[in-house]
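The notes follow in the order of my look-ups.

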Amino acid sequence: MKTIKIVLLYFVLASTNILSAQQEQMYTHYDINSLAMNPAYAGTSRTFTGMMLRRNQWTDWPGAPVYNNLAIQGPINKDFAIGLNIQNGSIGNFQNAAPLSETHIGANLAYHKSLNKDWRLAVGLRVGLFNYNVQLSKIILDNPNDVSFQKDMTVTTPLAGFGLYLYNKNTFFALSSPRMVFIKEDIQNQVNLAHVSQIHHYVIAGTVIPLNSDLV
């Protein structure tokens, strides 16, 4: 029996050499505010709009992620549109702050080109700043001398993003990488922050299907 337990433990440990976890801020209502993940979305509504989103994830867990997003976007002429996207996310459970937070501030420019009488293609660019803040020293530890939790890190670096948005009156297809940051591996205190600069790609699509004169 002991041998079986050792073998099972070996396979469990051997299967955990590659782990994946959530990194990007996540929202659920992208159809309401797609500018959060695609700068090419700016101007698709052909009017200036402002939108706020807030997501409290896993609310029963202390210190669960909280995400906030503010977006303003609209056309400036027939072909060009602009937008402003501000995102903040925090994780942790302190009395007055979270041990980990990140903030994105991005200005968006989108160019819209008519392909025919129904379809338009938008190409978007985002530039801005990204701030990553970790306050490990404020965590209350069973072992206050644990050196792994004595280094606070604050990094502010340029941010860039791009997107494509193909759409007509009822349907859209989109491809984007909304947050690309460039951080040196040993940017501070010889701590590797390469995980912060991982590039995420998104592919989304949607359509509106009329069911009757009142319901779609």
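I took two strands as paired if DSSP finds at least two bridges between them. I note also that the model is predicted.

Strand pairing. I looked up strand E5 (residues 120-134) and found it paired with strand E6 (residues 153-167) in the antiparallel sense, over 15 bridges. Within this pairing I located Arg 126 opposite Gly 161 in E6. I then followed E6 to strand E7 (residues 171-181); the two run antiparallel and are joined by eight bridges. Here Leu 166 stands opposite Phe 173 in E7. I recorded E6 and E7 as a hairpin, with three residues between them.

Nonpolar cores. I listed the largest nonpolar core, which has 12 residues, including Leu 35, Ala 40, Ala 110, Ala 122, Tyr 165 and Phe 172. E6 and E7 each supply at least two residues of this core. Apart from it I found another core of 10 residues, among them Phe 130, Leu 159, Val 181 and Val 196. I then checked the contacts of Ala 40: setting aside residues up to four places away in sequence, Ala 40 touches Ala 110, Ala 122, Gly 163 and Tyr 165, among others.

Surface. I looked up a nonpolar patch on the surface, with about 980 Å² of accessible area together; its members include Phe 48, Leu 70, Phe 80 and Tyr 111. Strand E2 (66-75), strand E3 (80-91) and strand E4 (100-114) are the elements that give two or more residues to the patch. I placed Phe 80 in strand E3.

Notes. Residues are numbered from 1 along each chain as its sequence is written. This is a predicted model: local features need pLDDT of at least 70, side-chain atom pairs count only at pLDDT 80 or more; totals for chains, interfaces and linings use all residues. Side-chain values use heavy atoms; hydrogens and water are left out. Patches are made of residues with over 30% relative accessible area and no salt bridge: like charges are joined within 9 Å, nonpolar side chains (Val, Leu, Ile, Met, Phe, Trp, Tyr) within 5 Å. Accessible areas come from the Shrake-Rupley method with a 1.4 Å probe; for residues, only the protein chains shown count as cover. A salt bridge is a side-chain nitrogen of Lys or Arg within 4 Å of a carboxyl oxygen of Asp or Glu. Helices (H or I, at least four residues) and strands (E, at least two) are DSSP runs, numbered from the N terminus. A nonpolar core is a set of buried Ala, Val, Leu, Ile, Met, Phe, Trp, Tyr and Cys residues joined through side-chain atoms within 4.5 Å. Buried means under 20% relative accessible area, exposed over 50%, partly exposed in between (1.4 Å probe, protein chains only). Contact means heavy atoms within 4.5 Å.
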